[in-house]
Amino acid sequence: MSPEEALAACEAEVRRSDPDRYFATLFAPAGKRALLFALYAFNHEIARAVEVAHEPMMAEIRLQWWREAIGEAYEGRPRAQPVAIGVSELVGCGQISAGALAALIDARAEEISSAPFADLAALEFHAHVTSGALMRIAAQLLDLDAGIEELAREAGIAYGLAGVLRSIPFHTARGKSFLPADLLAAEGRTGAISRVARAARNHFECARRLSVPKAAVPAILPASLVPAYLSHLALGDGSDISLFRRQLILFRAATLGL
């Protein structure tokens, strides 16, 4: 498979599995989109490695496969798998360190345990090192090496916490809970959900008050969906926001700001 074919496969995968980031990437310069799609396809693969594994050991094996794939990509020996080839193109640009990608894998490894996060601070930190770190790496690909750490952290935590709440049915069916154990014990499931939603909204408002460099908009843009996701979750009907409505929100935020 050629690099061009692999990058096209990465784009198709992101469009299918991660539409928020797919449509946000369309606001990036055309020359940057392929690398962003490779990054987001990699993120999907490592998240899926944990989600589809029936045993913790299988999840560890899958994540180790990606750790080794990153090392081989940096050595110029990409594995014959579309996303692995995409990662090779990603690291070839010289803007992303092996440590940054490995840190995303290490963060996902924390999801292998069936135990919930101890408290809200632990859950927020996890959102920071997954969703927030991904936004920071995306911003680096958009040539922003500094100055957006706080923005990526706040926007990333907001989007990550909203994602936790949206995925409750999926994880509950698999015997996993991301809701903080202390909140569950003190306030029950409904109270814990309310507290996590409040934290997500607070982080979003913090991000909203920060300056967003124009070049960073495609990296941060998914966070613009947080208020709509939280409002919709409050309805409690188990549905999700339509793709068309998400596209409208992203377009508005790209043109008018978070």
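**Salt bridges, a helix crossing and an enclosed helix**

Arginine 208 is partly exposed, with a relative accessible area of 44%. The model it belongs to is predicted. Arginine 208 makes a salt bridge with glutamate 205. Their closest N and O atoms are 3.7 Å apart. Both residues sit in helix H10, which covers residues 181–208. They are three residues apart, about one turn of the helix. An α-helix has 3.6 residues a turn, so residues three or four places apart point the same way. Glutamate 205 has a relative accessibility of 28%, so it also counts as partly exposed. Elsewhere, salt bridges with shared partners link Glu68, Glu72 and Arg79 into one network.

How many salt bridges does the structure hold? There are twelve. Another of them joins the side chains of arginine 16 and glutamate 13, at 2.6 Å from N to O. This pair is three residues apart in helix H1, so about one helical turn separates the two. Their surroundings can be compared next. Arginine 16 is exposed, with a relative accessible area of 58%. Glutamate 13 is buried, at 17%. The cut-off explains the label: buried means under 20%, so glutamate 13 falls within it.

A further salt bridge spans two helices. The side chains of arginine 67 and aspartate 106 meet at 3.1 Å, N to O. Arginine 67 belongs to helix H4 (residues 56–74), and aspartate 106 to helix H6 (residues 98–109). The pair therefore ties together parts that are 39 residues apart in sequence. Arginine 67 is partly exposed, with a relative accessible area of 25%. Aspartate 106 is partly exposed too, at 41%.

Now return to H1, this time for its packing. Two packed helices are described by the angle between their axes and the distance between the axes. Helix H1 (residues 3–17) packs with helix H3 (residues 30–51) at an angle of about 60°. Their axes lie 8 Å apart. That angle makes H1 oblique to H3. The crossing of H1 and H3 is left-handed. Which residues make the contact? From H1 come Leu7, Cys10, Glu11, Glu13, Val14, Arg16 and Ser17. From H3 come Ala34, Phe37, Ala38, Tyr40, Ala41 and His44. The residues of this contact divide into eight nonpolar, two polar and three charged.

Helix H5 (residues 82–92) comes next. Is H5 largely enclosed or largely open? Eight of its eleven residues are buried, so the rest of the structure largely encloses H5. The buried residues are Val83, Ala84, Ile85, Gly86, Val87, Ser88, Leu90 and Val91. These buried residues pack against H1, H3, H4, H6 and H7.

One backbone detail remains, and it concerns aspartate 143. Where does aspartate 143 lie? It is in the loop between helix H7 (120–141) and helix H8 (149–166). Aspartate 143 has a positive phi of about 75°, although it is not a glycine. Its relative accessibility is 48%, so aspartate 143 counts as partly exposed.

Conventions:
Residues numbered from 1 in each chain as written. Predicted model: local features only at pLDDT ≥ 70, side-chain atom pairs only at ≥ 80, totals over all residues. Heavy atoms only, no water. Axes fitted to C-alpha atoms, helices over the stretch in contact; angles between N-to-C directions. Helix = DSSP H or I, 4+ residues; strand = E, 2+ residues; numbered from the N terminus. Parallel < 35°, antiparallel > 145°, perpendicular 65-115°, else oblique. Left-handed = near helix turned anticlockwise from the far one by under 90°. Contact = heavy atoms within 4.5 Å. Nonpolar A, V, L, I, M, F, W, Y, C, P; charged D, E, K, R; others polar. Salt bridge = Lys/Arg side-chain N within 4 Å of Asp/Glu carboxyl O. Buried < 20%, exposed > 50% of the residue type's maximum accessible area, 1.4 Å probe, protein only.
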